[in-house]
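Please look over the structure shown here, and then follow the paragraphs below, which go from the surface to the overall fold and on to the charged side chains.

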Amino acid sequence: MKAYPLTESDFTLIDEAKRKITDLYEDDRHHVGAAIKTKSGNIVSAVHIEAYIGRVSVCAEAIAIGKSISDGERYFETIVAVRHPYSDEKNRELRVVSPCGMCRELISDYSPDCFIILEIDGKLQKTNIGELIPLKYSRES
């Protein structure tokens, strides 16, 4: 996987995702926050929505993308998701997490050149969404 160095702007994005989930965390409701930096430089953040029936839950990345698009932002530069520990977990550290498969598809559909911030082997890294979803299905394929 090709990795790119994180910038000061990337750390600002991570801090915003952490702030969002810290402010809105609720057991069994919201435990992941995401933040997107749009190509115009705006930062949009959101939390995931948990449901008792898992398939109805909506990821924070998807909500942040929908919020961005609804506000007229169509092109994304970088996205990050952060997981808040549940109240019964001993480790209280907020951690950067990788997007799930559905979010990878969504990010790639709406911004195929978007960067994703991940934690790999304890180290924060940034890569292009194409690295996380090789041989993606598309209209052209």
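This is a predicted model: local features need pLDDT of at least 70, side-chain atom pairs count only at pLDDT 80 or more; totals for chains, interfaces and linings use all residues.

Residues are numbered from 1 along each chain as its sequence is written, and side-chain values use heavy atoms, with hydrogens and water left out.

The protein chain has 4 helices and 6 strands, and read from the N terminus these elements follow the order α-β-β-α-β-β-α-β-β-α. The radius of gyration is 15 Å, close to the 14 Å that the globule rule gives for 141 residues, so the protein chain is as compact as a globular protein of that length. Helices (H or I, at least four residues) and strands (E, at least two) are DSSP runs numbered from the N terminus, whereas the radius of gyration is taken over C-alpha atoms and the globule rule is 2.2 Å times the number of residues to the power 0.38. Along its principal axes the C-alpha trace spans about 45 × 35 × 30 Å.

Of the 141 residues, 40% count as buried, a term that stands for under 20% relative accessible area, with exposed meaning over 50% and partly exposed in between (1.4 Å probe, protein chains only). Among contacts with a separation of 6 or more, 55% come from residues 24 or more positions apart, where contact means heavy atoms within 4.5 Å.

Turning to charge, the protein chain carries 19 positive and 23 negative side chains, and the centres of the two sets lie 2 Å apart. Lys and Arg count as positive and Asp and Glu as negative, without His and the chain ends, and each charge is placed at NZ of Lys, CZ of Arg, CG of Asp or CD of Glu. Side chains of opposite charge can pair when their charged atoms come close. A salt bridge is a side-chain nitrogen of Lys or Arg within 4 Å of a carboxyl oxygen of Asp or Glu, and by this rule there are 9 salt bridges.

One of them joins lysine 126 and aspartate 10, with 2.9 Å from N to O. This pair links distant parts of the chain, since lysine 126 belongs to strand β6 (residues 123-128) and aspartate 10 to helix α1 (residues 8-24), 116 residues apart. Lysine 126 is buried at 8% relative accessible area, and aspartate 10 is buried as well, at 2%.

Lysine 39 lies in the loop between β1 (32-38) and β2 (43-47) and aspartate 113 in the loop between α3 (101-110) and β5 (115-120), so the pair ties together parts 74 residues apart in sequence. Both are partly exposed, lysine 39 at 44% and aspartate 113 at 39%. Elsewhere, salt bridges that share partners join Glu16, Arg19 and Asp23 into one network.

Finally, aspartate 121, in the loop between β5 and β6, has a phi near 50°, a positive value in a residue other than glycine, and aspartate 121 is exposed, with a relative accessible area of 79%.
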